[in-house]
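Let's go through this structure together, one question at a time.

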Amino acid sequence: MGVEVVVEGLTKSFGRQVVWEDVTLTLPAGHICVLLGPSGTGKSVFLKTLVGLLRPDRGHIWINGHDLAGCREKRLYELRRLFGVLFQDGALFGSLNLYDNVAFPLREHTRRSESQIRRIVMEKMELVGLVGAEGKFPGEVSGGMRKRAGLARALVLDPEIILFDEPDSGLDPVRTAYLNQLIVDLNAETDATFLIVTHDITTARTVPDDIGLLFRRELVMFGPREMLLSSEEPVVRQFLNARRHGPIGMSEEKDVAELEAEARLGREPGRLPPIPPQLMPSGTAVRRAQRPPGVWLAENGVTAPPGSFVDEQGRDWREEYPRLLAADAEAGR
Ligand SMILES: Nc1ncnc2c1ncn2[C@@H]1O[C@H](COP(=O)(O)OP(=O)(O)O)[C@@H](O)[C@H]1O
Ligand SMILES: [Mg+2]
C-alpha cells in the first residue's frame, strides 16, 4: 500500500533567497496530505524538489530506503517513476490531442504495444470521465477537462506517489467538489500516497488525512487534519479559517504596529468553527489510510469544537463511521 516519503531537514534557496529551511515531515504511505501556504512560500518548489526536478541545498528525501536528494542520475530516474505529477493547468502539450497527451508517458517510458497503450489510456480516461473527448486538443476543452486529462496522464504509469499542484485553481466550486471526490475515490482505489497543494480552504478542511502549512520560510506545522483544525496556533488558525485576524497580512506579514493595533481593538480570534466530517469515497468502502473521526482528538485529550463531524443531514460521523465499517466488513470488502 503506497510508499512512505520521509523528508528530513530539507532546505532550498535560489542564489541568496532562501525559499524554505529545515523542512521535516513524513507523508505516511497511502495518506492524502495537503500542503497550504500563502502565494510565493515555495509550495511548487517543494513539489518539484520531491520529484527531483530541483535539487535541495541540504536535507534528505527518503523513499524505499534511498535518498532522492543525494542519489545519482540513474537512481533518480528510477525513483521518479514512482511519481505521478499533476502540474498546474495540466501542463499538456498543445499540439497533441488528449489521447496522445495521456499516452505520452507510456510511449516514452515503456515498450508497450499500441493496443496495450490503448487499453491503459482508455481505462484512465474513463476513470477521470473523459471518454469521448480523446480526439480534442487542449485548446478546445475547458480548464476542468484539461486538469482531468493531466490527471489521467499522471496516472498511466500507476504511480505510488501522486503530487497535485493546485488541482482546483481556476475551477468553480461545483467542479472543485467533483474533483475532490475524484481524488478521494482515486486514493481509495490505488492506495497511493497523495500530496495536494491547494488554496481552497474547503478542500483543505475536508479532503486530507494530514495537513501542512508553509509560512515565513518554514513548515509551521504538519500533522493529522484534526490536529490542525483544532489548533490555536495563530498562523494555522488564521489560514485554515480564512480570517483577516492573525499574523498574515494582505501583502507581506503584518508588522508589529498592525498586530498591536489589532490587540488594542480587542479583535480576539473567536471560537474555532466545527471540524467538518472528512470526505468519504463514493462507494461505501472506506479508504485504508483513513482513521475514524475524533480518534486523534481523543488520543490527545483535545475537545472537538461544538458541532464537529456533523454533516448537512445532521448525521454525526463519529456514529456513522463505525456503521459503515461494519457494513463493509459484512459485504466482505
Ligand atoms: N527556478 C527558479 N529560479 C529562481 N527562483 C525561483 C524558481 N522557482 C521558484 N522561484 C522562487 O521561489 C519562490 C517560491 O515559488 P513557488 O514555489 O512557485 O511558490 P508557491 O507555489 O508557494 O506560490 C518564489 O519567490 C519564486 O520566485
Ligand atoms: Mg505554486
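Q: Where is Phe-309 found?

A: This is a predicted model, in which local features need pLDDT of at least 70, side-chain atom pairs count only at pLDDT 80 or more, and totals for chains, interfaces and linings use all residues. Residues are numbered from 1 along each chain as its sequence is written, while chains are lettered from A and ligands numbered from 1 in the order in which they are written. Helices (H or I, at least four residues) and strands (E, at least two) are DSSP runs, numbered from the N terminus. On that basis, Phe-309 is found in the loop between α11 (295-299) and α12.

Q: Is Phe-309 buried or exposed?

A: A residue is buried if 20 or more other C-beta atoms lie within 10 Å of its own, exposed if 12 or fewer, and partly exposed in between, with C-beta atoms placed from the backbone. Phe-309 has 22 C-beta neighbours inside 10 Å, so Phe-309 counts as buried.

Q: What phi does Phe-309 have?

A: Most residues other than glycine have a negative phi. Phe-309 is not a glycine, yet its phi is positive, at about 65°.

Q: Which residues is Val-310 in contact with, leaving aside its neighbours within four places in sequence?

A: Val-310 is also in the loop between α11 and α12, and is partly exposed because 17 other C-beta atoms lie within 10 Å. Two residues are in contact if their C-beta atoms, placed from the backbone, lie within 7 Å. By this rule, the partners of Val-310 are Pro-274, Arg-315 and Asp-316.

Q: What does helix α12 reach from its first C-alpha to its last?

A: Helix α12 covers residues 317-330, which is 14 residues.

Q: Which helix gives the largest share of the shell around ligand 1?

A: A residue is near a molecule if its C-beta atom, placed from the backbone, lies within 6 Å of it. The surrounding residues are Phe-14, Val-19, Gly-37, Ser-39, Gly-40, Thr-41, Gly-42, Lys-43, Ser-44 and Val-45. Three residues, the largest share, come from helix α1 (residues 43-50).

Q: Which residues touch the most other members of the largest nonpolar core?

A: A nonpolar core is a set of buried Ala, Val, Leu, Ile, Met, Phe, Trp, Tyr and Cys residues joined through C-beta atoms within 7 Å. The largest one holds 74 residues, and those touching the most other members are Val-102, Ala-152 and Leu-163.

Q: What radius of gyration does the protein have?

A: The radius of gyration is taken over C-alpha atoms, and the globule rule is 2.2 Å times the number of residues to the power 0.38. With 333 residues, a compact globule would come out near 20 Å, which agrees with the protein's 21 Å.

Definitions and conventions. Expected span 1.5 Å × (residues − 1).
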